[in-house]
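Some notes on the fold follow, for checking against the model.

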Amino acid sequence: MKTELNVPSDLKFLAVVERWLLDCLQIELGDSVEWPRQSNRLRLALVEAYSNVVRHAHRDKPDLPVLLRLELDERDVALEIWDHGNGFDLSTYLPPNPDDKQEGGYGWLIMNRLMDKVEYRLQVNGRNCLKLETSLPEVKPTEV
């Protein structure tokens, strides 16, 4: 299954983005996934990615759309978030130190902990792409 969503760069569309992702996956996978656990994990990674685009990449350009692409291959999920911002140079990223009381910088760390693979590409045809990948484990039937 492949699908995509173009959405305005505005946090008021966050619920739309979340529902789109989770509804698409639930329609395809049904009850074979432990949704309470997996939906929380997917939601948190998506919220971090989408809100970073809105707050940072498109900060001065709220009229630019955010493109979300979802691909599901059996149980493997690939989610791409495309933006039109200047991009983020990962070589300058320093993981937050728990002793410092810094407010930002946790997004990359959070997404990498929640997902199996996180990849970021700067300026592909004038846009940046954050790709989040994971495999959703199958629910084991309980014995009666």
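1. Val-7 stands opposite Val-66 in strand 2. Strand 1 and strand 2 run antiparallel and are joined by seven bridges. Helices (H or I, at least four residues) and strands (E, at least two) are DSSP runs, numbered from the N terminus.

2. The model is predicted: local features need pLDDT of at least 70, side-chain atom pairs count only at pLDDT 80 or more, and totals for chains, interfaces and linings use all residues. Residues are numbered from 1 along each chain as its sequence is written, and side-chain values use heavy atoms, with hydrogens and water left out.

3. The open sheet has five strands in the order 1-2-3-5-4, with antiparallel pairing; two strands pair if DSSP finds at least two bridges between them. Strand 1 and strand 4 (117-124) are the edge strands, each pairing on one side only.

4. Helix 1 (residues 14-29) has 16 residues and, at 1.5 Å a residue, should span 22 Å; its end C-alpha atoms are 23 Å apart, which agrees. The expected span is 1.5 Å times one less than the number of residues. Just after helix 1, Gly-30 takes a positive phi of about 55 degrees.

5. Which residues of helix 1 are buried? They are Leu-14, Val-17, Glu-18, Trp-20, Leu-21, Leu-22, Cys-24, Leu-25 and Leu-29. Buried means under 20% relative accessible area (1.4 Å probe, protein chains only). Their cover includes strand 1 (2-8), helix 2 (35-57), strand 2 (65-73) and strand 3 (76-83).

Conventions:
Buried means under 20% relative accessible area, exposed over 50%, partly exposed in between (1.4 Å probe, protein chains only). Contact means heavy atoms within 4.5 Å.
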